[in-house]
Amino acid sequence: SLLVVTVVGYSQQLRSGSITLTPKIGINASGYYGDDDNSSFDYKPGLVVGAEGEYYIKDWLGISAGLFYSQQGASLNEDKIKTEYINVPVLCNFHLGKCFSLKAGLQPGVNLSAKAKVGDVSADLSRSGVDAKTFDIAMPIGMSFAFNNLVIDARYALGLNTAFKGKLDDYNFNNADLYNSVFSLTLGYRFNLK
């Protein structure tokens, strides 16, 4: 079986000048980090879906850019903060061997919506006195494994700018340094365009 994996991996190796497109779908586990006063935040599951294109500069080095819809937020005891982003990861991909890759880069994002859910009641955060920042920037790092054209990708996006400002019940975000913290696991299918 090791020989079969090696042969299949070798047959899928991409060369300098290759271009790929990989639609992906998966799950997020998102939360916030950075402020000890709001340490009660727990990670919340969400959906991530989109596509990523990659250009191979060398057989071991590629540059990729993607467009993803991402459900993020966090749980606060039994309450929830639900945010939706359009994220655009731009990554440098280091291909180690035939199937394994390490990646890192920057990810600008635009906040589409931010809601708080308390019990059965859901409301926009802005109406509750909290403004979610419209623009987000994160530093994603991760790895992927390709088998045939299937790609499993795991990455962590570390927020670089604060996510909120304002006050929600007992949670004061005005002086809080809260940053997005998102783990993602996706499954994709890679199309070789060139």
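Aspartate 153 forms a salt bridge with arginine 155, and their closest N and O atoms are 3.0 Å apart. A salt bridge here is a side-chain nitrogen of Lys or Arg within 4 Å of a carboxyl oxygen of Asp or Glu. Welcome to a predicted model, in which local features need pLDDT of at least 70, side-chain atom pairs count only at pLDDT 80 or more, and totals for chains, interfaces and linings use all residues. Residues are numbered from 1 along each chain as its sequence is written, and side-chain values use heavy atoms, with hydrogens and water left out.

**Confidence**

- The mean pLDDT of the protein is 84, and 79% of its residues reach 70 or more; pLDDT is the predictor's confidence in each residue, from 0 to 100.
- Residues 2–11 have a pLDDT below 50, and beyond near neighbours in sequence this stretch has seven contacts in the model (a contact means heavy atoms within 4.5 Å).
- Where pLDDT is low, the predicted coordinates should not be read in detail.

**Salt bridges around aspartate 153**

- By the rule above, the count comes to five salt bridges.
- Aspartate 153 also meets lysine 24 in a salt bridge, at 3.3 Å from N to O.
- That pair links distant parts of the chain, with aspartate 153 in strand β11 and lysine 24 in strand β1 (residues 19–33), 129 residues apart. Helices (H or I, at least four residues) and strands (E, at least two) are DSSP runs, numbered from the N terminus.
- Lysine 103 is another salt-bridge partner of aspartate 153, at 3.0 Å from N to O.
- Here too the pair links distant parts of the chain: lysine 103 lies in strand β7 (residues 100–118) and aspartate 153 in strand β11, 50 residues apart.
- Aspartate 153 is buried, with a relative accessible area of 1%. Buried means under 20% relative accessible area, exposed over 50%, and partly exposed in between (1.4 Å probe, protein chains only).
- Lysine 24 is buried, lysine 103 is buried, and arginine 155 is buried with a relative accessible area of 11%.
- Through shared partners, salt bridges join Lys24, Glu52, Lys103, Asp153 and Arg155 into one network.

**Aromatic pairs**

- The structure holds four aromatic pairs. Rings of Phe, Tyr and Trp (its six-membered ring) pair if their centres lie within 6.5 Å; planes under 30 degrees apart count as stacked, over 60 as edge-to-face and the rest as tilted.
- One of them is the tilted pair of tyrosine 156 and phenylalanine 183, 4.6 Å centre to centre with 35 degrees between the planes.
- Tyrosine 156 lies in strand β11 and phenylalanine 183 in strand β14 (residues 179–189), so this pair ties together parts that are 27 residues apart in sequence.
- Phenylalanine 183 is partly exposed, with a relative accessible area of 42%.
- Tyrosine 189 and phenylalanine 191 have ring centres 5.1 Å apart and planes at 65 degrees, so their pair is edge-to-face.
- Tyrosine 189 is partly exposed at 39% relative accessible area, and phenylalanine 191 is partly exposed at 42%.
- Tyr43, Tyr156 and Phe183 form one aromatic cluster.

**A loop residue to look at**

- Asparagine 148 lies in the loop between β10 (135–147) and β11 (150–162).
- Its phi is near 55 degrees, a positive value in a residue other than glycine.
- At 35% relative accessibility, asparagine 148 counts as partly exposed.
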